[in-house]
Structure formats: C-alpha cells, structure tokens
Amino acid sequence: MNRHTRLIAQTNAFSQLQNDCKEKLLKHAYVFESADFAALETLAALFICVAEEGEVRELTLRRIFDGGYTDVVRLPRAHKNGKMDVEEAGYITDTAYYTPTELQTKYYIVAATEPLTPAVQNKLLKTLEEPPASARFIIFSSGNDLLPTVSSRCGKVRLEEFSVETIERALKEEGYDEVTALFAAAAARGNIGTAEAIAADKGYRAAYEAAVNFLLHVKRSPQILPSAGEMLANKENFGAVLDYFELLLRDCMAYSACGAQAVVLKPALGDIRMLSAEFTPDVCLELMPRIARARDRIRLYGNAASYIDELLFSVLEVKAKCLK
C-alpha cells in the first residue's frame, strides 16, 4: 500500500483536517478540491482515520482503501463510469440516517469525475441542509463546479499542488527510472496521482515523441496532415501531446531567458536547444493560449480530430509571422 500517503500526510490540506479533528471543529460536509482525484482518495482515507481514531493506523487505512468498511460509501459506483446521477444521489438521501455499523460516523465520498449536474446537487442539498449527526459527506471537486447553495454548506479543503522535484522524487522511490519520473512529474501539473498514471502509461512517451517531432521537423503545410494522422492514431493520449507542446514551449522560453539550468525537461535539453532557435519567446507566448483553447475544446466536446488540424496550422502560421 503506497498511494503516496506519506507525501499527502505532509500537506497543508491534511494539517487543516487534523486541526478540525483536534479542536472538535469537524463539519458535516467537506469539499475536497484538486484536479487529482487519486490524491483526494488518499486524503479522504487519512482524514477518516484521524476523525475515527485520532491518528493514522495502517490497518484502518488499508481497510478504507480496500473498501472494507460498509460505513465508507464511495459514489458513483464503478459501473457509472464516473458520472453521478440522481438515482445515486437519492441513495445518499435514503440511507444517510442509518446508524453506522462499525465506525462512529458514516462517510459518503462523492468522487464523480464528471461535474455534478444541478439536478444531482439539488437532490443532495436537502441532506446537506439537515444533515444527520451520524453521517459526514466528502465531495471531490476540480474547482468552481458546485452550486453556491451546495458549496456554502461545506467546509472547503484545497489539496495543494506538488513541485516537479517532489513528484519526481516520489516516483523514483517507487522504482521508476529517472527519465520516466522526470517526464511524468513535469507533465502532471503538480498532481502526484496524475504523475503516477503518466509514468505507468507508455503512451505518454509516444505523446512526447509526437510533440517534439512535429515542432522540430514540420516546416510546411503539406506535412501537417501526416503528422495529425500520427497523433490521432493515439488519440486517447492527444491531451498528453498538448501537455508536451506546452512544456517544450515553456522550456524554450526558459532556455532563451536563463540558459540550460532553467529547463525542466532536462533529458530533452538537446531538443530544447534546437527548438529555441525557431520557437522564440514571442512565438511561444502567442501559441500558449491556442494550446489552452484546444485543450478546453477537447475537454468540453471530446473530439480531438476537430481541433488538431487548426492547432497545427496555427503553429506554422504564428512561427512564420513572428520570425519575419
């Protein structure tokens, strides 16, 4: 059992929850906020341990992780594919008043990877307004996706992001090689759970190769369609291609301003040196919002093929305009 418990137990978020337990200021509902739901799962398990026993005990923690307590309910269920519906919200309202069987309190962890709809949130609202003394609610949020009526009835705990160095060290402690650990840490946007998923997925290495090959070798419009086809062949990792575009461009700016010591992707330093000749700070600054816009469109509409050509053509367009 790892789940980065030691790292997450050192965060300000966990300290805040420990203090609530110690000072007997526990709230009936919390919003745990982070893009990293895997890390929030660990934070929730640590919190339940301390709320129930005053300290973190490995056996209790393991049982929580393994689903060994009937009083710790995770929703949505696995077959819902991360989407919480009104039926599951109704399960909470129907069972929240039941007496816990093993623990002092019954815990509901709402960890929907898709934002909760207004209908689901309104279904939960009455229970949050009149909560039973024997139940506590933990709602995961990626930020600004809850109705004010819901969030105002919850304590807010934001899990801070980790530095690239911290994540890299944690991954190497797990046995990942230095290059894999660094590339995963750099692409994870401060999220340890995301970094672990990246390190374990060979598709992310392919995503880096696709990104750097395009930036280095595609110079003319006719070359774009074959390059787009290569990226779409692995379209489930196209988000990773965008991440590496962004990281490479940021490193180009850092290299231009401060030299090699400022580069994050140090194993890619040779590529960064070559790229920085064409991807000047002006080019990089104009491309960053376009990459962010492509990422948002894919997240909202889910069709990478609709936006990849537009983005790739814009890379050549911006570079040609800025280098005149």
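Where is the place of Thr99? Thr99 sits in the loop between α5 (86-95) and β3; point 6 returns to this residue.

1. Basis of the note. The model is a predicted one, in which local features need pLDDT of at least 70, side-chain atom pairs count only at pLDDT 80 or more, and totals for chains, interfaces and linings use all residues. Residues are numbered from 1 along each chain as its sequence is written, and side-chain values use heavy atoms, with hydrogens and water left out.

2. Overall make-up. The protein has 16 helices and five strands. Helices (H or I, at least four residues) and strands (E, at least two) are DSSP runs, numbered from the N terminus. The C-alpha trace spans about 70 × 40 × 30 Å along its principal axes. Of the 324 residues in the protein, 50% are buried. Buried means under 20% relative accessible area, exposed means over 50%, and partly exposed lies in between (1.4 Å probe, protein chains only).

3. Strand β4 and its neighbours. Strand β4 covers residues 135-141, and seven of its seven residues are buried. Ala135, Phe137, Ile139 and Ser141 point one way from β4, while Arg136, Ile138 and Phe140 point the other way. β4 pairs in the parallel sense with β1 (residues 29-33) over five bridges, and with β3 (residues 106-110), also in the parallel sense, over five bridges. Two strands pair if DSSP finds at least two bridges between them. Ile139 in β4 has Val31 opposite it and also Val110 opposite it. From β3 the chain passes through helix α6 (residues 118-129) to β4, a β-α-β crossover that is right-handed. Right-handed here means that, with the strands pointing away from the viewer, the path from the first strand over the helix to the second runs clockwise.

4. The cavity. How many cavities of 30 Å³ or more does a search of the whole structure find? The search finds one. The largest cavity holds about 40 Å³ of space. Its lining consists of Ile92, Val110, Leu124, Thr127, Leu128, Phe137 and Ile139. Helix α6 gives the most to this lining, with three residues, and α6 and β4 each supply at least two. By class the lining has six nonpolar, one polar and no charged residues. On a 1 Å grid over the protein atoms alone, a cavity is a set of points where a 1.4 Å probe fits but cannot get out; a pocket is an open set with protein on both sides within 12 Å along at least five of seven lines; lining residues have an atom within 4 Å of a point.

5. The largest pocket. Its volume is about 1400 Å³. It is lined by 41 residues, of which Ala35, Ser142, Arg189, Arg295 and Arg299 are the closest to its centre. Helix α13 (238-258) is among the elements that each supply at least two lining residues, as are α3, β4, α10 (192-200) and α15 (281-301). The largest share, six residues, comes from α13. The lining of this pocket has 18 nonpolar, ten polar and 13 charged residues.

6. Is Thr42 buried or exposed? Thr42, placed in helix α3 (residues 37-53), counts as buried because its relative accessibility is 1%. A polar atom of the Thr42 side chain lies 3.0 Å from the backbone oxygen of Arg3. Thr99, by contrast, counts as exposed because its relative accessibility is 65%.

7. Backbone points to check by eye. Most residues other than glycine have a negative phi, and most peptide bonds are trans. Leu75 and Pro76 are joined by a cis peptide bond, with omega about 0°; Pro76 is in the loop between β2 (72-75) and α5. Lys24, in the loop between α2 (12-22) and β1, has a positive phi near 55°. Lys24 counts as exposed because its relative accessibility is 73%. Arg189 also has a positive phi, near 55°, and belongs to the loop between α9 (178-187) and α10. With a relative accessible area of 38%, Arg189 is partly exposed.

Note on methods: Grid points are joined across faces, edges and corners, and a volume is the space filled by probe spheres set on the points. Ala, Val, Leu, Ile, Met, Phe, Trp, Tyr, Cys and Pro count as nonpolar, Asp, Glu, Lys and Arg as charged, and the others, Gly among them, as polar. A polar contact is a pair of N or O atoms within 3.5 Å; within protein, one must be able to donate a hydrogen and the other to accept it, and residues adjacent in sequence count only if both atoms are side-chain atoms.
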